[in-house]
Amino acid sequence: MKHALLLFFFLVAGLSLKAQQTARGVDLSVFPNPAVEFISVHDDADQVSEVFVFNLLGKKVKTFKFEKDENFYIGDLPKNMYLVQIIDKNSKVLKTQKLQKR
């Protein structure tokens with residue numbers, strides 16, 4: 001039950017942030033999706049500070065300091081579905097995106 005509530009929270013937060021992102025015109029994306037070893041974050045507005053990866057139980061499994069045009073290694077994570085949170089320079093969540101790791 002606790003895990004289902006965490007998943008529900010992340011999905012609702014992601015939908016809410018998607019609406020805010022569209023309203024502000026921010027273009028952020030995590031790619032490739034599905035991913036095998038590396039992911040990248042596209043940030044046209046130069047707002048991103050950190051990238052967090054959560055498993056579906058809500059546990060943070062990776063933290064990356066954002067550098068433009070940098071790839072982030074996820075090859076050591078098991079094949080599964082993850083949530084990637086993109087954090088701005090004021091420590092606010094800009095976007096949450098589902099990511100499939102193959």
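**Entry 1: the core**

I looked for the largest nonpolar core and found 18 residues, among which I39 and V51 touch the most other members. A nonpolar core here is a set of buried Ala, Val, Leu, Ile, Met, Phe, Trp, Tyr and Cys residues joined through side-chain atoms within 4.5 Å. Buried means under 20% relative accessible area, exposed over 50%, and partly exposed in between, with a 1.4 Å probe and protein chains only. Strands β1, β2, β3, β6 and β7 each supply at least two residues of this core. I noted the general rule too: in soluble globular proteins, nonpolar side chains tend to be buried together.

Before going on, I wrote down the ground rules. This is a predicted model, where local features need pLDDT of at least 70, side-chain atom pairs count only at pLDDT 80 or more, and totals for chains, interfaces and linings use all residues. Residues are numbered from 1 along each chain as its sequence is written, and side-chain values use heavy atoms, with hydrogens and water left out.

Then I asked what V51 is in contact with, leaving aside neighbours within four places in sequence. V51 is in contact with V41, K62, T63, F64, F66, F72, V84 and Q85. Contact means heavy atoms within 4.5 Å.

**Entry 2: the four-stranded sheet**

I traced an open sheet of four strands in the order β4-β3-β6-β7, with antiparallel pairing. Its edge strands are β4 (60-65) and β7 (93-101), each pairing on one side only. From one strand to the next, the twist averages 20°. For such angles, axes are lines fitted to C-alpha atoms (for helices over the stretch in contact), and angles run from 0 to 180 degrees between N-to-C directions. Strands (E, at least two residues) and helices (H or I, at least four) are DSSP runs, numbered from the N terminus. Two strands pair if DSSP finds at least two bridges between them.

I followed β3 (residues 48-55) next. It runs antiparallel to β4, and five bridges join the two. E50 has K65 as its bridge partner in β4, and V53 stands opposite K62. The hairpin of β3 and β4 has four residues between the strands, and there G58 takes a positive phi near 90°.

How many bridges hold β1 and β2 together? I counted four, in the antiparallel sense. V30 stands opposite V41 in β2. The two strands form a hairpin with six residues between them.

β2 also pairs with β5 (residues 72-73), antiparallel over two bridges. Here F38 has Y73 as its bridge partner in β5.

**Entry 3: two cis bonds in one loop**

I checked the peptide bonds. F31 and P32 are joined by a cis peptide bond, with omega about -10°. The bond from N33 to P34 is cis as well, with omega near 10°. P32 lies in the loop between β1 (28-31) and β2 (38-43), and P34 is found in the loop between β1 and β2 too.

D46 is not a glycine, yet its phi is near 55°. I placed D46 in the loop between β2 and β3. It is partly exposed, at 46% relative accessible area.

S91 is not a glycine either, and its phi is about 65°. S91 sits in the loop between β6 (80-88) and β7. Is S91 buried or exposed? At 61% relative accessibility, S91 counts as exposed.

**Entry 4: D43**

I stopped at D43, in strand β2. D43 counts as buried because its relative accessibility is 3%. Beyond four places in sequence, D43 touches D27, L28, V48, F66 and K68. The side chain of D43 reaches the backbone nitrogen of A45 at 3.2 Å.

**Entry 5: aromatic rings**

I counted four aromatic pairs. Rings of Phe, Tyr and Trp (its six-membered ring) pair if their centres lie within 6.5 Å; planes under 30 degrees apart count as stacked, over 60 as edge-to-face and the rest as tilted. F52 and F54 form an edge-to-face pair, 6.4 Å centre to centre with 90° between the planes. F52 is buried at 12% relative accessible area, and F54 is buried at 9%. Ring pairs also link F64, F66 and F72 into a cluster.

Definitions and conventions
A polar contact is a pair of N or O atoms within 3.5 Å; within protein, one must be able to donate a hydrogen and the other to accept it, and residues adjacent in sequence count only if both atoms are side-chain atoms.
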